[in-house]
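I opened my notebook for a look at ring contacts and pockets. Come along and check each entry against the structure as you read.

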Amino acid sequence: MAQSRQELAGETLVSRRGRLLGAKSQLFYDEPVHLVRGEGVWLYDADGRKYLDAYNNVAHVGHCHPHVVEALCRQSSLLNTHTRYLHTAILDYVERLTATFDASLSTAILTCTGSEANDIALRMAQAVSGQMGIIATDATYHGNTAAVSQLSTRMPPVGGRAHHVRLVPAPDSYRHPDAMANGKAFGDAVREAIASLARDGIGLSGMILCPLLANEGFPALPNGFFDDAISAVREAGGLMIADEVQPGFGRTGSHFWGHQRAGFVPDIVTMGKPMGNGHPVAAVVTTRDILATFRDAFRYFNTFGGNPVSCAVANAVLDVLEDENLIANARDVGAYALGLLRPLADRHESIGEVRGAGLFFGAELVRDRKTREPAPDIAGRVINAMRDRGVLMGKTGIHGNVLKIRPPMPFSRENADVLIETLDEVLGEVGEVGGVPG
């Protein structure tokens, strides 16, 4: 049978991509999708086929939202420069952004990426504490700079991990529920990491974590889970950094920020992708004193961070979140989708646990419910089969076996119906292939 135009173009694009971007430049899915257009919660390929986007938090308020596009175009036609000139757009935006936080978090630095934001956050903690040691979980990801890439275990750093980094075991609510009861085991691990830094004469600057533990598989955390660990960090003179790139801007449905849902106030908050709906803008929010200390310690400037166009786009995203009640939508549709997803566990033995919050949810897939053996291969087949049926999603977690569903915020109940019905079919088929009864 003749190949479709997309298949022919896809083969050409993959080989061209490998030549120009490197053979290991990452692509989603066994058969990569050649996208040419996006609208709302839908993406369209070169053959005109549409895909339900159940993955992208980048297009937070929907792909190519007209209000955001209009704001970008309008400001681009007026002025775009850097922050060494005075312009009001950055001031208006920072005032509006910081109004969503605890009153102590009242200042910000704008950057272009979440990686930059996290890099700055680490330096803020160093400036305030006078120490270098940083703690993260052993299944996390916080970006691509030389500093924050040290925190990822997916690709060990060349030459070994830096001596000032300590990684503590990521919580696993499915396999170790007793350790999740009150966060004490996690707090103990953090205290041991602090002690290790002290023994090596390094000292603690802080701890960075995603309040949803998104890359760790978003385990079901009891209220106050982080309290003991946070107490340990602050007793040792360290700062708490909340990486809100994934749970922020209302995604969990219950709060604007993930740390608010988790019940703590961090010293520094970082954010990225959803902030600009696809436009490269990110930020670090912190207290006035911490920012002043950072400014004294580091001569930091970002040419593109906080430019008028980026600020206009970011401000338009806040408009849409408010005008379209998207946080309430995340709460409603997320609960509805989980209500549809949970019964699938009765029909598919490969589902070990269903969990999530708002429009960030999924299921942990296992080979055996008794042993709870992870099934990353089954998760991989599921997301590829979903792609073949026109639904885009991903996988994550400590073992790479957690289905990751994180759609744009306008995702509807009707979209959720399509998603779960398709997933039901795929789990039945993939379960049989994988040796796990569907």
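My entries below go from aromatic rings to charges over rings, and then to pockets.

**Entry 1: the model.** I noted at the start that this is a predicted model, and I kept that in mind on every page.

**Entry 2: aromatic pairs.** How many aromatic pairs does the count come to? I found 13 aromatic pairs. I then picked phenylalanine 101 and tryptophan 257, whose rings are stacked. Their centres are 4.5 Å apart, with 15 degrees between the planes. I call this pair stacked because planes under 30 degrees apart count that way.

**Entry 3: where the two partners sit.** I traced phenylalanine 101 to the loop between α3 (88–98) and β4 (107–111). Tryptophan 257 turned up in the loop between β8 (239–243) and α7 (258–262). The two residues are 156 residues apart, so the pair links distant parts of the chain.

**Entry 4: buried or exposed?** I looked up the accessibility of both partners. Phenylalanine 101 has a relative accessible area of 8%, so I wrote it down as buried. Tryptophan 257 has 0% relative accessibility and therefore counts as buried too. The cut-off I used for buried is under 20% relative accessible area.

**Entry 5: a cluster of rings.** Which residues do ring pairs link into a cluster with Trp257? I listed Phe101, Phe249 and Phe256 alongside Trp257.

**Entry 6: charges over rings.** I next looked for arginines over ring faces. Arginine 84 lies over the face of phenylalanine 301, at 3.8 Å from the ring centre. I also noted arginine 355 over the face of phenylalanine 218, where the distance to the ring centre is 5.9 Å.

**Entry 7: the largest pocket.** I turned to open space and found about 1,400 Å³ in the largest pocket. Its lining has 45 residues, and the closest to the centre are Gln26, Tyr55, Tyr141, Asn215 and Lys273. I saw that α4 (114–129) and β15 (394–396) each supply at least two residues of this lining. Sorting the lining by class gave me 18 nonpolar, 21 polar and 6 charged residues.

**Entry 8: the second largest pocket.** I recorded a volume of about 480 Å³ for the second largest pocket. Here 19 residues form the lining, and Arg17, Leu27, Phe28, Pro32 and Val33 are the closest to the centre. Which helix gives the most to the lining of the second largest pocket? I found that helix α1 (residues 5–21) does, with 6 residues. By class, I wrote down 12 nonpolar, 4 polar and 3 charged residues for the lining of the second largest pocket.

Note on methods: Residues numbered from 1 in each chain as written. Predicted model: local features only at pLDDT ≥ 70, side-chain atom pairs only at ≥ 80, totals over all residues. Heavy atoms only, no water. Phe/Tyr/Trp six-rings, centres within 6.5 Å; stacked < 30°, edge-to-face > 60°. Helix = DSSP H or I, 4+ residues; strand = E, 2+ residues; numbered from the N terminus. Buried < 20%, exposed > 50% of the residue type's maximum accessible area, 1.4 Å probe, protein only. Lys NZ or Arg CZ within 6 Å of the ring centre and 35° of its normal. 1 Å grid on protein atoms, 1.4 Å probe; cavity = no way out; pocket = protein on both sides within 12 Å on 5 of 7 lines; lining within 4 Å. Points joined across faces, edges and corners; volume = space filled by probe spheres on them. Nonpolar A, V, L, I, M, F, W, Y, C, P; charged D, E, K, R; others polar.
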